[in-house]
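Hi everyone, thanks for coming. Let's have a look at the structure together, and then I'll walk you through a few parts of it.

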Amino acid sequence: MTLVRASIEIDAPRERVYDYMLDPAHLDEWVTIHRRVNSRDAGPPREGYEMDQTLCLRGANFKVHWTLTEADRPARATWEGRGPAHSYARTSYVLRANGDSSTRFEYENEFKAPGGLIGAAASRMLIGGVPEREAHRSLERLKALLEDGRGPG
């Protein structure tokens, strides 16, 4: 299992951060490994919402089928996904109000590679620290979008 954690302070209210980060139409603007949304349920994201996404790590594209298993606006959201060869991922976002207009965004991603211990060891060798670097880069992008007025609000 690979576990990545990152957090950032964003000068925007929680509701604004939540709505922007959870909207699949904005993933290409802030998620660095995002390539495309292949399909998604109609309407706004809510518990049970499903989405198929193409991601890219180290030049290799792969698809993940996500289900939004927790949607507690504006405090938290959790996606659970299935990827290639029965791999599993869980991505959670926790948003904490820091005053009236600032948000502490806490990101966590858990990835379980297929193939047990051998698969996990191979995955660590192949991707190394890339997921952690990309998580930090993604949060920096989200911060910039929401703080410079390009995001909703």
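Okay, one term before we start: a residue counts as buried when its relative accessible area is under 20%. Take Tyr93: its relative accessibility is 7%, so Tyr93 is buried. And please keep in mind that this is a predicted model.

So what does Tyr93 sit with? Its ring pairs with that of Tyr107; the centres are 6.1 Å apart and the planes are at 40°, so we call this pair tilted. It links distant parts of the chain, because Tyr93 is in strand E6, residues 88-97, while Tyr107 is in strand E7, 14 residues apart. Tyr107 is buried too, with a relative accessible area of 18%.

Now, how many aromatic pairs are there? The count comes to 5. Another one is Trp30 with Phe105: here the centres are 6.4 Å apart and the planes are at 75°, so this pair is edge-to-face. Trp30 lies in helix H2, residues 27-30, and Phe105 in strand E7, residues 103-112, so the pair ties together parts that are 75 residues apart in sequence. Both Trp30 and Phe105 are buried.

On to charges. Side chains of opposite charge can pair when their charged atoms come close. The structure holds 11 salt bridges. One of them joins Glu9 and Arg104, with the closest N and O atoms 3.6 Å apart. That pair links distant parts of the chain, with Glu9 in strand E1, residues 2-10, and Arg104 in strand E7, 95 residues apart. Glu9 is partly exposed at 24% relative accessibility, and Arg104 is partly exposed at 30%.

Which side chain does Arg90 meet in a salt bridge? That would be Glu110, at 3.1 Å from N to O. Here Arg90 is buried at 18%, and Glu110 is buried at 12%. These two also belong to a network of salt bridges that links Arg5, Arg90, Glu108, Glu110 and Lys112.

Last stop: strand E3, residues 50-57. It's mostly covered, with 6 of its 8 residues buried. E3 pairs in the antiparallel sense with E2 over 5 bridges, and with E4, again antiparallel, over 8 bridges. Look at Thr54 in E3: Arg36 stands opposite it, and Thr54 also stands opposite Lys63 in E4. In the hairpin of E3 and E4, Arg58 takes a positive phi near 50°.

Technical notes: Residues are numbered from 1 along each chain as its sequence is written. This is a predicted model: local features need pLDDT of at least 70, side-chain atom pairs count only at pLDDT 80 or more; totals for chains, interfaces and linings use all residues. Side-chain values use heavy atoms; hydrogens and water are left out. Buried means under 20% relative accessible area, exposed over 50%, partly exposed in between (1.4 Å probe, protein chains only). Helices (H or I, at least four residues) and strands (E, at least two) are DSSP runs, numbered from the N terminus. Two strands pair if DSSP finds at least two bridges between them. Rings of Phe, Tyr and Trp (its six-membered ring) pair if their centres lie within 6.5 Å; planes under 30 degrees apart count as stacked, over 60 as edge-to-face and the rest as tilted. A salt bridge is a side-chain nitrogen of Lys or Arg within 4 Å of a carboxyl oxygen of Asp or Glu.
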